Amino acid sequence: MFLGRMFSSSTLQRLQRHCLKGNLRSTGDRPRMTMLNELVGLSWHFGFMPQGNTWKTHRRIFANDFNSASVSQFRPHQLKWRDIFLGNLLKTPNDFETHIQHLASGLSLDMVFGLDVQPSGKPDPFIHAATQAVEGLAAAGLFGTYVVDYLPLLKHLPFAQFQRQAKAWKTSVDIAVTVPFNIVKTNMAEGKDVQPSIASSLIEAAAFAEADIQKTTSSTFANGSAAVVSALRTFVLAMSLNPGIQSKAQNEIDAVLLNAGKSLPDFGDEASCPWITAIVKEVLRWNPVVPLAFPHKLTADDVYNGYHLPAGSVILPNAWAMLHNAKVYGEDVSSFRPERFLTKEGKLDPSIKSPDVAFGFGRRVCPARNLVLSELFIFIASTLAMFEISSIEGTNRETAPGYTSGLLRYPVRFSCKIRSRSPRHENIVEALAQRNEPN
Ligand code: HEM
């Protein structure tokens, strides 16, 4: 279904790609999202703002730190948090889902605000605010889930069920947009020592209005706590179900480490690890984090193949269908098979489409994709280098857990076995963990 008309699935995919590649004059706008923006209170987040000067400014502020030339500045943060994550996995492997959330939120808070979180598993106000805000974003961000998106006047009904839900999320959303930023701002104003961060640099440079800096950094923190969590949980699930794939990837990474005489992978190893890169691509393709991408809105009338596309129409791009198109990825699209991205010789196959649509479309494409790809590589390669992931008895591809629904999709909580690959690997991880213990 597109713009209220029925199309065959192949026409629909062509039409969606055509629109979202920027071939139409503008699909960069967002529809009014009453539940998300007005009731849950996420109107400050530039991912859900209408296209306009404020969105442009926030995107520009964001791009300054996350364009392909700048993202490498975050590598020390990524390695520090990789080490903390591996240490947590060693200590309490059954809590891997908590550790993944701790990794994503801790890294995000560190990069954006230079602030620390509590050790994994201990109550932490920042992680709590971020996860609750993301829960609201995931539920209310799928346009049309709530009737109030179609009938905005309903937002004035005080006792509607959606009001209670919105209120619960709003508390956390308000904390996420005010507390971390205000701590950095106040500490700087009082001349206290602050960890260098995206926020501190922007406040110091004062090239943008304070409100724009606050909203952009808070949007970054919120998103940093979200999609990577889903992708890493999908990775653990896929490894637990596919031991053969896991051991091929481990053979690859072992050979690279042996050759370089080191114990852990680095960003520079990516070119020598096509299997790991293929696993990253397959994680994004197999169960995309955002299966029905954020809604886009046409700002001008247009025509495609004789179809009149009126301004104001809402497009809900079906990334899932594009990533599960058997003509592009082969008949077995529902299987986790990273080999589809490799040649027979085990090199990356440039003729197989990268799952770029997992990051969205056109002018609204995820502005953090450069950071995310390197992050997934280093976390996945390092986890495979140190740990063996296997399923618990009775879990197989048929009985594997399903996924949640909403704008962002996560594997439903599941159990698996994670243990270090040998006493040598255990010692390496223990040494890393000690390095990062608070003094
Ligand atoms: C696996 C990881 C990630 C995936 C798959 C992902 C995917 C997406 C998708 C599908 C969109 C919507 C694009 C559209 O409207 O067409 C998006 C937007 C966005 N993402 Fe990501 N994302 C990821 C991680 C991140 C991270 C770590 C950050 C921040 C550090 C981030 C920041 C943003 C922002 C700010 C937007 C809104 C852009 C706008 O509307 O202009 N994302 N992302």
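Tutor: The axes of helix H4 (residues 75-91) and helix H16 (residues 369-386) come within 10 Å and cross at roughly 35°, where axes are lines fitted to C-alpha atoms, for helices over the stretch in contact, and angles run from 0 to 180 degrees between N-to-C directions. Helices are DSSP runs (H or I, at least four residues) and strands likewise (E, at least two), numbered from the N terminus. This is a predicted model, in which local features need pLDDT of at least 70 and side-chain atom pairs count only at pLDDT 80 or more, while totals for chains, interfaces and linings use all residues. Residues are numbered from 1 along each chain as its sequence is written.

The crossing of H4 and H16 is right-handed, meaning that the near helix is turned clockwise from the far one by less than a right angle. On the H4 side, Gln78, Arg82, Phe85 and Leu86 meet Glu375, Ile378, Phe379, Ser382 and Met386 of H16, contact being defined by C-beta atoms, placed from the backbone, that lie within 7 Å. By class, this contact has 5 nonpolar, 2 polar and 2 charged residues, with Ala, Val, Leu, Ile, Met, Phe, Trp, Tyr, Cys and Pro counted as nonpolar, Asp, Glu, Lys and Arg as charged, and the others, Gly among them, as polar.

In the wider setting, an automatic or database domain assignment divides the chain into domain 1 (1-27 + 229-439) and domain 2 (31-225). Between them, 37 residues of domain 1 are in contact with 34 residues of domain 2, and H16 gives the most to the side of domain 1 that touches domain 2, with 8 residues.

Note on methods. Two residues are in contact if their C-beta atoms, placed from the backbone, lie within 7 Å.
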